[in-house]
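Please keep the sequence and the model in view while working through them.

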Amino acid sequence: MRNLLFVLAGLGLLTAAWLFLGGPRRAIDMTAYEGDAMRGAYVARLAGCVTCHTVPEGGAMLAGGAPLATPFGTFYGPNITSDPVHGIGSWTGSEFADALVNGHSARTGHLYPVFPYTSYSKMTSPDVADLWAWLQTVEANNTPSRPHDISNPFLARALMAPWKTLFHDVQELAAMPEQSPAWNRGRYIVDGIGHCTECHTPRGSLGVLDRRRHLEGGTLPPKGGSKGEKIPAITAEALAKRGYARADLLMAFRYGLAPDGDVLGGSMGEVLSDQLEHLSADDLEAIATYLLSGPAN
Amino acid sequence: MPKRQFRKTAFTALALVAALAVSQTGLADADHDHSAHEGIYKERADTMKSFGGAAKTTGAMLKGKTPFDLAKARAAGQLVADKASTIPALFPEGTNAGESEALPIIWQDWEGFTAAAKLLGERAGVLAAAEDQAAVGAAFGAMIKACGGCHKTYRLDKD
């Protein structure tokens with residue numbers, strides 16, 4: 001009798017979790033901003049879209065990406081060109097914004113957080129509008145998106161609602177006025193749009209970032225038949241230990257050269273050529289400012 | 001407690017005997033292979049370390065940590081230019097055992113791999129012939145990107 005009560009209570013709780021259906025959402029009024037496609041091209045570099053949505057070395061721009069192995073299965077960045085059938089050409093701006101910051105697609109439902117909406121939710125509304133304006137100009141490509149290789153997609157998709165209710169924070173980053181504009185911009189890039197934190201912060205068993213260990217380093221599962229990749233810590237302390245001062249960080253962002261003479265490769269190599277290489281000197285300085293100061297928490 | 005300790009000792013002894021037996025069995029062959037591997041792994045590591053040294057010295061100048069020295073920068077370029085052509089020979093097929101960071105894609109895409117080594121040699125050659133600090137800066141950046149282009153695809157980054 002007592003057991004039955006427990007089971008019923010459990011089921012009730014579970015249903016309640018589902019009722020939240022992915023938790024709070026951030027509404028972006030896409031008609032309030034006139035997106036600037038030129039600026040959007042830069043926003044796309046800040047957001048690192050190319051790395052996951054384009055096959056490295058010669059794949060068609062944003063027509064779908066290389067496999068991304070995770071403990072939950074292998075994911076393939078979908079085609080996000082302006083193709084109306086295989087890309088997102090038939091989407092509305094609001095649908096795009098909903099996917100980007102709320103992790104919800106009008107077509108497929110709740111999205112998996114390998115698409116880092118957990119970080120993109122920090123994007124400013126003008127950045128979202130500019131990015132959308134640019135994406136609509138990307139040449140259509142009719143390569144079908146490759147389905148993800150996960151063991152039980154139906155269950156996994158259904159589980160995303162409670163996962164998001166519990167773990168997805170849709171709040172924008174509140175500016176910290178006591179910190180410099182460069183610091184705030186750096187934080188916006190590292191913890192928000194640039195989503196450095198998604199790989200450089202360790203994850204718990206449910207794939208949730210362990211924010212108490214912010215930027216203390218993570219791991220990537222094995223790639224190319226070889227061993228897994230260890231993502232280094234980039235806290236102020238860890239960087240100092242490896243000999244990084246401001247000039248070293250800037251040299252690393254620009255060319256990949258580490259203070260010890262090594263040249264960064266692996267997944268960071270992709271981040272360098274797809275993302276950091278395209279950023280303005282001011283933004284690279286801002287990232288350095290934020291990382292070297294250590295987060296104010 | 002003593003019984004447990006005895007088991008532990010017995011187990012260790014057994015493991016040692018087994019290990020010894022295994023090592024004796026394939027001694028001649030394994031020894032030969034192993035030394036060859038060690039040789040190539042060490043040669044490879046030494047070459048990469050010498051590149052790292054060259055990169056570090058020149059990088060320090062360009063970061064303003066050490067005074068600019070054109071001769072040193074050109075020497076760094078010359079060192080890499082000379083050794084870049086030996087890279088393919090430093091990666092015999094299947095030499096990615098143990099702690100090696102070499103990815104198997106090296107041998108699946110051998111053409112791309114050797115092309116990347118060739119590109120490095122060419123760009124290092126430009127650095128070796130640089131005439132002033134601006135030219136060193138540009139040539140060095142291009143050379144380092146050639147290093148990174150190869151590391152991105154063919155090397156596992158463990159740290």
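**Exercise 1.** Is Val170(A) buried, partly exposed or exposed, and how many other C-beta atoms lie within 10 Å?

*Solution.* The model is a predicted one, in which local features need pLDDT of at least 70, side-chain atom pairs count only at pLDDT 80 or more, and totals for chains, interfaces and linings use all residues. Residues are numbered from 1 along each chain as its sequence is written, while chains are lettered from A and ligands numbered from 1 in the order in which they are written.

Step 1. A residue is buried if 20 or more other C-beta atoms, placed from the backbone, lie within 10 Å of its own, exposed if 12 or fewer, and partly exposed in between.
Step 2. Val170(A) has 18 other C-beta atoms within 10 Å, and therefore is partly exposed.
Step 3. Val170(A) belongs to the loop between helix 7 (153-167) and helix 8 (181-193) of chain A; helices (H or I, at least four residues) and strands (E, at least two) are DSSP runs, numbered from the N terminus.
Step 4. Leaving aside residues up to four places away in sequence, Val170(A) touches Pro24(A), Arg25(A), Arg26(A), Val101(A), Asn102(A) and Ser121(A). Contact requires C-beta atoms, placed from the backbone, within 7 Å.

**Exercise 2.** Determine which residues of helix 8 of chain A are buried and what covers them.

*Solution.* 
Step 1. Ten of the 13 residues of helix 8 of chain A are buried, so this helix is largely enclosed by the rest of the structure.
Step 2. Among the buried residues are Trp183(A), Arg185(A), Tyr188(A), Asp191(A) and Ile193(A).
Step 3. Their cover includes helix 2, helix 5, helix 6 (125-135), helix 9 (197-200) and helix 13 (281-293) of chain A.

**Exercise 3.** Describe the backbone and the burial of His195(A) and Leu215(A).

*Solution.* 
Step 1. Most residues other than glycine have a negative phi.
Step 2. His195(A), in the loop between helix 8 and helix 9 of chain A, has a positive phi near 45°. His195(A) is buried, with 22 other C-beta atoms within 10 Å.
Step 3. Leu215(A) has a positive phi of about 65° and is placed in the loop between helix 9 and strand 5 (218-220) of chain A. Because Leu215(A) has 27 C-beta neighbours inside 10 Å, this residue counts as buried.

**Exercise 4.** At what angle do helix 3 and helix 5 of chain B pack, and how far apart are their axes?

*Solution.* 
Step 1. Helix 3 (residues 70-84) and helix 5 (residues 110-128) of chain B pack at about 155°, with axes 7 Å apart. Axes are lines fitted to C-alpha atoms, for helices over the stretch in contact, and angles run from 0 to 180 degrees between N-to-C directions.
Step 2. That angle makes helix 3 of chain B roughly antiparallel to helix 5 of chain B, a term for angles over 145 degrees.
Step 3. The residues of this contact divide into ten nonpolar, four polar and one charged. Ala, Val, Leu, Ile, Met, Phe, Trp, Tyr, Cys and Pro count as nonpolar, Asp, Glu, Lys and Arg as charged, and the others, Gly among them, as polar.

**Exercise 5.** How many residues of chain B are in contact with chain A, and which element of chain B gives the most?

*Solution.* 
Step 1. 22 residues of chain B are in contact with 25 residues of chain A.
Step 2. On the side of chain B, helix 2 (27-62) and helix 6 (133-154) are the elements giving two or more residues.
Step 3. Helix 6 of chain B gives the most, with seven residues.

Definitions and conventions:
Contact = placed C-beta atoms within 7 Å. Parallel < 35°, antiparallel > 145°, perpendicular 65-115°, else oblique.
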